[in-house]
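Here is a short note for a colleague who is opening this model for the first time. Please keep the structure in view while reading the points.

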Amino acid sequence: MAKKGTIGIIAGVVGVSAIIGIFSPKKAVESINLSIPNSQIEYDINTEIPIEISVFPKGVDTSTLEYISDEGITFTDSQIITGNMEGTYYFYVTSGDIQSNVLSIKVVDIIAREEAVARWLEKEQAAKEAEEQRLAEEQAAKEAEAQRLAEEQAAREAEAQRLAEEQAAKEAEAQRLAEEQAAKEAEAQRQAEEQAVGQAVQNAQTSEQIEESSGTQNNNSDSSGDASNFNTYDNSSQQQTEATYVLNTHTMKIHHPSCSSVKKIAPQNYATSNSSLDDLISQGYSTCGNCFK
């Protein structure tokens, strides 16, 4: 601890009780005690601090008291004046070989500290606001990204919906074309069947006319006729069959085996069948006008 502080040698009477006149015998100092009334943990700079000094025994000569303190404060017999420097300062009093208790004070620049605290609070507030701003921007960025992803998802779903609708339209058009094609084919089939039925009827009518006319013609007519000429053949053996019906595959006629027209059928047009009349008619045949009367 530095002892370069103020050393005051009191040359007068210190305010102690029981002062004896200047002609009284001087007493030696036996003990010294220092105290600070209403002491504080910290003191502001440039402040006067009262100091109480108790000397024992009463009435001793205080002219030998020396006030020792660290540099930065001014120590006198009744007070300490703090300087303008912050720090912890020690001080005590001596009288010859007698030393008082050592006291210390902590000196601070309260205004500077308050300003520093205010600056720190402002800095903390600014940092807090900056952090809040950063978090808000991050949240806004997240929300914007979520919005972008949602819009992309909606766009993908809309595109998928559009493609699905296009595909459905194509399939519906293909179905419509297929149905139209099926309707055309069915109509063509119907017309073909009607044409076949009409042709079968026409063939049957022609065959009947031929067979009916063949019965009236002379059996000795010219043998140079074609395969459908009933006057050309006279094969009675064609009537000798156990089949139910005899068929003329050229005239598409159905005959009973006993029919007189059977023996006149050209061999290449001769056939027999045990099928029912309905089956044969469905194949385009028709009954003979002579044997089915």
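1. The model is predicted, and local features need pLDDT of at least 70, side-chain atom pairs count only at pLDDT 80 or more, and totals for chains, interfaces and linings use all residues. Residues are numbered from 1 along each chain as its sequence is written, and side-chain values use heavy atoms, with hydrogens and water left out.

2. A search of the whole structure finds 14 salt bridges, a salt bridge being a side-chain nitrogen of Lys or Arg within 4 Å of a carboxyl oxygen of Asp or Glu. One of them joins Arg-113 and Glu-42 at 2.7 Å, N to O. This pair links distant parts of the chain, 71 residues apart, with Arg-113 in helix 1 and Glu-42 in the loop between strand 1 (31–35) and strand 2 (43–44). Helices (H or I, at least four residues) and strands (E, at least two) are DSSP runs, numbered from the N terminus.

3. Within helix 1, Glu-173 and Arg-176 are 3 residues apart, which separates them by about one helical turn, and their side chains meet in a salt bridge of 2.5 Å, N to O. Glu-187 and Arg-190 are likewise 3 residues apart in helix 1, with a salt bridge of 2.4 Å, N to O.
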